[in-house]
Amino acid sequence: MVNINENFQKLQAGYLFPEIGRRRRAFEAANPDARVISMGIGDVTQPLAGAVVEAMKAAAEQMGKAETFRGYDDGGVGYDFLREAIAKNDFGSRGVEIKPDEIFVSDGAKCDTGNIQEIFGLSNVVAVTDPVYPVYVDTNVMAGRTGGAAENGRYDGIVYLACTEENGFVAEPPNDKVDIIYLCFPNNPTGAVAKKEQLAGWVAYAKENKAVILFDAAYEAFISDPAIPHSIYEIPGARDVAIEFRSYSKTAGFTGVRCAFTVVPDGLTAYTKSGDAVAVAPIWKRRQCTKFNGVSYITQSGAAAIYSDAGKRQTQEIIDIYMSNAKVIREALGKFGYTVYGGVNAPYIWLKTPDGVGSWEFFDLLLNKAHVVGTPGAGFGSAGEGYFRLTAFGTVDNVAEALDRISKI
Ligand SMILES: *Cc1c(COP(=O)(O)O)cnc(C)c1O
């Protein structure tokens with residue numbers, strides 16, 4: 001008799017996006033003439049930069065000739081040309097030394113942030129922020145690091161750090177001792193960013209407690225404030241305690257192309273039960289080489305083109321479109337009397353629902369009155385109740401139309 005992994009049964013059945021889809025379809029069925037605009041999607045709408053498309057075409061041509069054909073990316077952790085471009089442009093340019101060998105190219109930050117927990121023991125105590133990107137939590141549930149979920153959706157065994165108006169949506173290190181800490185800045189869903197001092201507090205905590213910080217920087221390209229760090233490695237000492245995740249999905253429209261990378265610095269260690277320090281990077285490399293066979297040459301060629309002069313200019317233009325959307329949304333909602341956060345260094349606007357209306361109640365109100373779909377904050381954790389996420393990833397026209405309708409509520 002085959003047994004199922006019962007940890008999967010602890011998961012709260014992918015509640016958020018199916019429920020949003022269900023309510024949207026019910027509304028559309030009852031109102032066939034309404035044109036519903038989505039400001040809820042975490043997917044991009046702008047096409048790939050021309051430099052990326054050209055590089056991918058050229059790579060495809062190379063793949064079609066015997067002399068330049070390539071098979072497996074040897075080692076499966078990324079071609080040197082891409083890892084060198086990353087080291088130079090993403091880190092070297094900010095005064096951070098990351099060696100190409102410390103960079104592991106993959107097909108997504110979702111899988112990397114989901115898979116990374118595998119290389120750490122099951123007895124570690126995991127801390128996440130609330131609200132949170134659900135991947136960090138669910139993958140730990142699947143692995144068996146938690147008990148069941150309580151009524152508020154929180155799993156037994158996970159330490160939740162509430163991100164609230166009071167702390168500016170940036171949690172401080174806990175008083176309890178935790179071992180694995182997931183941080184995401186700029187944050188999805190709140191759009192909050194962490195200042196250098198705040199990240200330094202986390203690095204100090206991790207050093208003191210021999211913990212590891214799993215830092216998701218998928219949105220670093222949206223930072224506009226020059227004082228905000230793009231990488232956790234801008235904090236002295238972070239190399240010893242942090243793994244950083246990056247993705248081309250939102251920064252260069254790669255959600256459908258699939259390319260990302262994870263940085264595991266040489267000096268980073270975890271410990272055996274008897275207290276011996278073990279280097280983490282070779283273990284992650286071993287995990288990747290066993291379970292993953294690399295990203296296609298065509299895709300990595302496209303990613304490398306982002307670092308060309310034309311590629312940098314064109315991807316910045318795309319980011320500028322989204323951040324212009326974010327500004328328009330933030331300012332318009334402010335004018336209509338809403339309290340809004342985020343949208344300055346991140347493509348997410350975190351709206352406080354008016355008059356203490358619940359997240360889902362506000363969802364229904366927006367759908368029924370403005371035919372606009374957003375994401376209820378409560379779907380990202382109990383501390384998200386009373387908030388609502390809007391994304392700036394829509395088209396300029398849809399954003400204008402949606403705001404016009406919201407103004408009339
Ligand atoms: C979109 C997103 C990612 C990127 O995931 P990919 O698998 O690279 O597309 C990573 N982290 C967060 C928080 C995100 O919102």
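An oxygen atom of the ligand is 3.4 Å from an N or O atom in the side chain of Lys250, which is a polar contact (a pair of N or O atoms within 3.5 Å). The model is predicted: local features need pLDDT of at least 70, side-chain atom pairs count only at pLDDT 80 or more, and totals for chains, interfaces and linings use all residues. Residues are numbered from 1 along each chain as its sequence is written, and side-chain values use heavy atoms, with hydrogens and water left out.

**The ligand and its surroundings**

- The side chain of Tyr219 places an N or O atom 2.5 Å from an oxygen atom of the ligand.
- Lys110 takes part through its backbone, with an N or O atom 2.9 Å from an oxygen atom of the ligand.
- Of the 390 Å² of accessible area that the ligand has on its own, the protein covers 94% (Shrake-Rupley method, 1.4 Å probe).
- The elements that give two or more residues to the shell around the ligand are α4 (109-115) and α7 (248-251); helices (H or I, at least four residues) and strands (E, at least two) are DSSP runs, numbered from the N terminus.
- The ligand is surrounded by 14 residues, and the closest are Asp216, Tyr219, Ser247, Ser249 and Lys250 (a heavy atom within 4 Å).
- By class, this shell has six nonpolar, four polar and four charged residues; Ala, Val, Leu, Ile, Met, Phe, Trp, Tyr, Cys and Pro count as nonpolar, Asp, Glu, Lys and Arg as charged, and the others, Gly among them, as polar.

**An antiparallel sheet**

- Four strands form an open sheet in the order β11-β12-β15-β14, with antiparallel pairing (two strands pair if DSSP finds at least two bridges between them).
- β11 (339-342) and β14 (375-376) stand at the edges with a single partner strand each, so one side of each has no neighbour in the sheet.
- Four bridges link β11 to β12 (residues 348-352) in the antiparallel sense, and Thr339 has Lys352 in β12 as its bridge partner.

- Most residues other than glycine have a negative phi, and most peptide bonds are trans.
- Asp130 and Pro131 are joined by a cis peptide bond with omega of about 5°; Pro131 is in the loop between β3 (126-130) and α5 (134-143).
- A cis peptide bond also joins Phe185 and Pro186, with omega of about -10°; Pro186 lies in the loop between β5 (180-184) and α6 (196-209).
- Phe169, although not a glycine, has a positive phi of about 65°, and Phe169 is found in the loop between β4 (158-162) and β5.

Methods. A polar contact is a pair of N or O atoms within 3.5 Å; within protein, one must be able to donate a hydrogen and the other to accept it, and residues adjacent in sequence count only if both atoms are side-chain atoms.
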